[in-house]
Amino acid sequence: MTLKVKVISPDQVVVDDEAEEVILPSTTGQLGILTDHVPLLTALDIGVMRLRKDKSWQSIALMGGFAEIEENELTILVNGAQTSSDIDADAARNELVAAEERLSKVDSSNKQEKLQAEQALRRARARVQAVTANS
């Protein structure tokens, strides 16, 4: 038995597939979903979602959102998402370095700029983790 998985961002359906297992980056930590999981609604953090299908794993960088599981259907609504195959590894690493530099140069008294730099770093880190998880 499998899970029906949909990942939907504001501009596209990123994933519409089946999986035997899903690991989500919930706001309270990693959350594993298998078939016949109890109904659940959870907030998602910026991080990497992993799907297992036919003994292979696929990684997807999620930019926060919500997930609902009910009757073996997992629906994930996110602010943004990219499958590992759509991420350029070198560009993602360069983005991570730039985000780290930006954060190190932010004036700590400017809370809004610091928050934006931290979010950019988390997004860049998720993209790098997604692309390197399948290497």
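Visitor: What covers the buried residues of α1?
Guide: This is a predicted model. In it, the buried residues of α1 are Ala92, Leu96 and Ala99. Their cover includes α2.

Visitor: How wide an arc do the buried residues cover around the axis of α1?
Guide: Ala92, Leu96 and Ala99 are the residues in question. They sit on the same side of α1, because the arc they cover around the axis is only 65°. An α-helix has 3.6 residues a turn, so residues three or four places apart point the same way. The arc asked for is 65°.

Visitor: How far does α1 reach from its first C-alpha to its last?
Guide: Helix α1 runs over residues 89–105, which is 17 residues. At 1.5 Å a residue, 24 Å is expected. The model comes close to that, with a reach of 25 Å.

Visitor: Which residue caps the N-terminal end of α1?
Guide: Look at the backbone nitrogen of Asp90. A side-chain oxygen lies 3.0 Å from that nitrogen. The oxygen belongs to the capping residue, Asp88.

Visitor: Is Arg127 buried or exposed?
Guide: Arg127 is placed in helix α2, residues 111–133. Its relative accessible area is 13%. The cut-off for burial is under 20%. Therefore Arg127 counts as buried.

Visitor: Which side chain is joined to that of Arg127 by a polar contact of 2.7 Å?
Guide: Leave aside residues up to four places away in sequence, and Arg127 touches Ala61, Met63, Gln82, Ile87, Ala92 and Glu95. Ala92 is also one of the buried residues of α1. The polar contact of 2.7 Å joins the side chain of Arg127 to that of Gln82.

Visitor: Where is Asp36, which has a positive phi of about 65°?
Guide: Asp36 is not a glycine, yet its phi is positive. Asp36 counts as exposed, because its relative accessibility is 57%. Its place is the loop between β4 (29–34) and β5 (40–53).

Visitor: What is the phi of Asp54?
Guide: Asp54 lies in the loop between β5 and β6 (56–70). Asp54 is exposed, because its relative accessibility is 59%. Although Asp54 is not a glycine, its phi is positive, at about 55°.

Definitions and conventions. Residues are numbered from 1 along each chain as its sequence is written. This is a predicted model: local features need pLDDT of at least 70, side-chain atom pairs count only at pLDDT 80 or more; totals for chains, interfaces and linings use all residues. Side-chain values use heavy atoms; hydrogens and water are left out. Helices (H or I, at least four residues) and strands (E, at least two) are DSSP runs, numbered from the N terminus. Buried means under 20% relative accessible area, exposed over 50%, partly exposed in between (1.4 Å probe, protein chains only). A polar contact is a pair of N or O atoms within 3.5 Å; within protein, one must be able to donate a hydrogen and the other to accept it, and residues adjacent in sequence count only if both atoms are side-chain atoms. Contact means heavy atoms within 4.5 Å. The expected span of a helix is 1.5 Å times one less than its number of residues. The arc is that of the directions from the helix axis to the C-beta atoms.
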